Structure formats: C-alpha cells, structure tokens
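Open the model in your viewer and keep the sequence panel beside it. The stops below are given in the order in which to select them.

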Amino acid sequence: MELFKNWLGHPEELYNLVRFKMGACKKVMPKMDQDSLSDSLRVCYKYLNQTSRSFAAVIEALDGELRHAVCIFYLVLRALDTVEDDMTINLETKVPMLHNFHSYLYQPDWKFMDSKEKDKQVLEDFPTISLEFRNLAKVYRDAIAEICHKMGLGMAEFLEKKVDSEKEWDKYCHYVAGLVGIGLSRLFSASNLEDPIVGQDTELANSLGLFLQKTNIIRDYLEDHLEGREFWPREVWSKYVKKMSDLAKPENLDKAVQCMNELITNALHHVPDVLTYLSRLKNQSVFNFCAIPQVMAIATLAACYNNQQVFRGVVKIRKGQAVTLMMDATNLQAVKAIMYQYVEEIHQKIPSTDPSCSKTQQIVTSVRSMSLPSGALVSRIHFSPIYLSCAMLLAALSWQYLSTVSKAAEEYVHTGEN
C-alpha cells in the first residue's frame with residue numbers, strides 16, 4: 001500500500017512505469033541479438049547478467065564492438081573485485097593476486113577455484129573471459145589491462161589501510177571507481193564513437209566515477225557499519241564523534257546527519273565535471289550509458305541529504321522515480337534539468353545551523369548556474385487535472401501488479417556496481 005501512496009503523490013511515475021512495461025524501455029535499452037555471438041562470448045554475457053542485471057541492460061544497449069569491449073572490461077573488473085572482497089583469501093595470497101591480476105589476462109589457463117564469494121563463477125571460468133579479452137582489438141586490450149593493473153595495486157594498498165583524509169578518500173574512490181570511468185572513456189574513444197578528448201581528459205572521467213562511488217559510500221553507511229567496514233574519511237567524521245561507529249548511536253543522530261551533509265557537499269563538487277563530460281558525448285548509446293547512473297546518484301544524494309533514516313535503515317529512490325530518470329536522461333538539457341531539480345531539493349533542506357551550510361549553498365548555486373544558465377527552470381512534465389484523476393484511478397487498479405513488474409528498474413537505484 002505504501003507504493004500506492006507514492007503513486008498518488010507522483011502520478012507521472014505511474015505513467016512512466018506503465019510506459020516502461022509496455023516497451024518504452026527498448027528506446028533507452030534495446031535488446032541485443034545474441035544469435036550472432038560465439039559460444040564463449042555468449043557465456044560472457046550470461047555471466048554479465050548473473051553478476052549485474054542492471055549493468056547488463058545498459059552494456060547490451062551500447063553500439064557496435066564497444067558493447068563487447070565494455071562487457072569484457074566489466075567482467076575482468078568484477079573478477080578482480082571478487083578477489084578483493086573475498087575475506088577467506090589470506091593476505092599472503094590476496095596481495096600478489098591483486099598485483100598480478102592483469103597478467104592473468106594473457107594466461108589462457110589461469111583460474112581460481114577457491115573463492116567463496118557469490119560471483120565466484122567469473123574466477124572459476126576466467127579462461128573464457130580472458131579468451132574473449134584476447135579476441136578484442138589491441139587498443140581495447142591495452143586500455144583494459146592497464147586499468148586492471150592500476151586498480152589491483154590500489155586495492156592492495158587499501159586492504160589494511162583506513163581512509164584518513166579527504167584526499168585519501170578521493171584516492172580510494174579513484175582506485176575503485178575513478179579508474180573505471182577513465183577506462184570506459186578510453187574504450188569510448190577507441191571505438192571512434194566518441195572524440196579522442198573523451199578518453200584523454202582523465203580528470204573529467206575520474207570525476208564521473210568519484211561522484212558515483214561517493215554516493216554509494218554515503219548512502220551505505222549503515223550496511224557498511226554492520227559489516228565492520230569504514231569508508232568515510234576520518235578527517236570529516238572525527239569533527240563530530242570520537243569513533244566512526246559512534247555515528248550509528250541514537251544520541252549522536254544530529255551530529256551524524258551533519259557529518260553526512262558535509263560529505264554530500266563534498267560529492268556535489270563533482271557535478272560540474274559530470275555535466276562537462278556529458279556535454280562532449282555524441283553517441284546516444286554512450287550518452288545513455290553514462291548519464292543514467294549520474295542522475296540516479298544526484299537523486300540518491302537528494303534523498304539522503306539531512307535525512308536521519310540513513311543511520312536507521314535503507315534510503316533509496318522510488319521505483320517509479322528510477323524509471324522516470326532512466327527514460328528522461330537521454331539528452332544534455334534533460335540531464336541539466338534533472339540536476340537542477342535535485343540540487344534545488346537539497347537547497348530547500350539545508351539547515352541554517354548546519355556547519356557545512358555555506359559550503360553546501362555555494363556548490364548548489366554553482367550547479368544551478370551551470371544547469372540552467374539562460375533562465376528559470378521549466379517543468380519537464382505537465383499533467384492536466386483529467387490526467388491526474390485517471391492516473392490515480394489506474395494506480396488504484398494496478399498498484400499491486402506494477403509493484404512486481406518494476407523490480408528490474410529498481411536495480412538502477414543502486415549505482416554502486418563498479
């Protein structure tokens with residue numbers, strides 16, 4: 001019934017959920033024809049769907065040979081990440097594996113059979129993945145192997161090292177997500193679907209990854225706390241509590257929210273780079289691939305900002321909201337309008353007593369001016385009273401059915417799959 005209440009308040013989301021189910025999703029994420037694939041490449045796409053249904057959808061929608069390069073890139077990094085996440089692998093084994101993982105791409109028989117992680121199939125059948133890697137053009141192989149090498153070194157560095165300063169936070173996020181943005185950008189340019197500058201400007205590509213990773217780290221505080229992980233920088237949380245775990249205590253809730261607001265303010269500084277990066281993209285499939293996670297991230301930050309629920313449970317955007325963002329974020333002006341909408345939402349929630357109040361207002365003002373430099377925000381969707389009444393009636397009749405069919409779209413709320 002909560003879903004029904006949400007739709008009454010946001011009837012445009014119900015409309016978009018119906019459109020999504022009726023096939024509008026195909027315009028954003030067209031299905032790939034798998035009949036033309038080799039047996040080994042078909043297996044790779046099977047692993048892609050097993051390890052990430054949400055990423056599989058946007059990867060399969062990419063044009064031409066770029067689709068296969070990004071698929072293999074994702075699986076290689078998923079295998080590397082599986083090694084890092086597996087706490088049953090001792091450090092004496094894990095560190096050399098992370099350091100040398102890029103070399104396994106050129107070893108046809110290398111595989112690892114002792115993982116206990118849920119995605120262990122990408123390690124157990126790594127020969128199939130590495131075979132398809134070696135079938136890629138050299139320009140793709142070089143980019144993937146280099147990023148894999150750098151990421152493995154970075155993961156090993158932070159295995160027993162906690163994030164201390166904000167600079168180290170940027171460094172950690174660079175290793176686990178910024179490098180992904182840089183690698184993807186190199187693949188985009190190598191495919192000739194995008195200009196060389198897209199792959200050459202590593203600063204902007206890095207920001208794309210940092211914005212997503214910081215959003216995930218901020219949103220997932222409670223989950224990470226319960227599992228004994230700490231990714232918030234000491235330089236920030238130590239202003240508010242003595243131990244990071246103290247942020248989860250009810251008596252520290254106000255300080256916890258202030259700490260989170262400061263980190264959200266930090267993350268928002270990547271938005272101008274995100275918009276500049278997106279402005280350079282020419283290919284529609286690449287634009288959709290890049291833009292959808294970014295608008296999901298800004299919506300997630302708006303939901304988290306000044307929200308005590310982050311320290312009590314799960315905060316995520318609505319299913320209909322996720323579908324609407326997916327369907328809207330197909331051009332730069334639409335993305336700018338979305339960014340404006342959500343930074344405005346954050347602006348409306350800034351407490352005058354918040355220690356980061358002035359800094360948050362400054363970056364919000366900056367994003368606003370960059371999003372809509374020529375004038376006031378124009379509403380992206382207008383609905384007549386008759387439509388609203390019909391939408392509410394339709395919601396009353398179909399809310400239970402749509403709550404089931406929209407589960408796939410919900411995966412896009414979680415932008416942390418790198």
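Begin by selecting Glu146 and Arg186 in this predicted model: their side chains meet in a salt bridge, with N to O at 3.0 Å. The two residues are 40 apart and link distant parts of the chain, Glu146 belonging to helix α9 (residues 138-157) and Arg186 to helix α10 (residues 166-190).

How many salt bridges does the structure hold? There are 22. For another of them, select Arg229 and Asp224, whose side chains meet at 2.6 Å, N to O. Is Asp224 buried or exposed? At 8% relative accessibility, Asp224 counts as buried, because the cut-off for that class is under 20%. Side chains of opposite charge can pair when their charged atoms come close.

**Helix α4**

Next, select residues 53-60, which form helix α4. Six of the eight residues in α4 are buried, so the helix is mostly covered. Colour the buried ones: Ser54, Phe55, Ala56, Val58, Ile59 and Glu60. To see what lies over them, show α3 (39-51), α5 (66-85) and α17 (284-304), which are among the elements that cover these residues.

Zoom in on the start of α4. A side-chain oxygen of Ser52 comes to within 3.0 Å of the backbone nitrogen of Phe55. Now move to Glu60, also in α4. Glu60 has a relative accessible area of 9% and is buried. Which side chain does the side chain of Glu60 contact? Display Asn49: the two side chains make a polar contact at 3.0 Å.

**The nonpolar core**

The largest nonpolar core has 130 residues. Select Phe101, Trp232, Leu247, Tyr277, Leu278 and Phe311, the members that touch the most other members. Helix α17 supplies the largest share of this core, 14 residues. In soluble globular proteins, nonpolar side chains tend to be buried together.

Take Phe101 as the example and show its surroundings. Apart from neighbours within four places in sequence, Phe101 is in contact with Val76, Ala79, Leu80, Val83, Trp110, Leu123, Phe126 and Cys148.

**Two loop residues**

Most residues other than glycine have a negative phi, and most peptide bonds are trans. With that in mind, select Asn192. This residue is not a glycine, yet its phi is positive, at about 70°. Asn192 sits in the loop between α10 and α11 (196-200). Its relative accessible area is 67%, so Asn192 is exposed.

Go on to Asn306, in the loop between α17 and α18 (319-328). Asn306 has a positive phi of about 55°, and is likewise not a glycine. At 31% relative accessibility, Asn306 counts as partly exposed.

**Confidence**

Finally, colour the chain by pLDDT. The mean for the chain is 87, and 81% of the residues reach 70 or more. Where does the pLDDT fall below 50? One such stretch is residues 1-9, which has 16 contacts in the model beyond near neighbours in sequence. Residues 375-418 also stay under 50. For this second stretch the model has 84 contacts beyond four places in sequence. Where pLDDT is low, the predicted coordinates should not be read in detail.

Note on methods. Residues numbered from 1 in each chain as written. Predicted model: local features only at pLDDT ≥ 70, side-chain atom pairs only at ≥ 80, totals over all residues. Heavy atoms only, no water. Buried < 20%, exposed > 50% of the residue type's maximum accessible area, 1.4 Å probe, protein only. Helix = DSSP H or I, 4+ residues; strand = E, 2+ residues; numbered from the N terminus. Contact = heavy atoms within 4.5 Å. Polar contact = N/O pair within 3.5 Å; in protein donor to acceptor, adjacent residues only side chain to side chain. Salt bridge = Lys/Arg side-chain N within 4 Å of Asp/Glu carboxyl O. Core = buried A, V, L, I, M, F, W, Y, C linked by side-chain atoms within 4.5 Å. pLDDT = per-residue confidence, 0-100.
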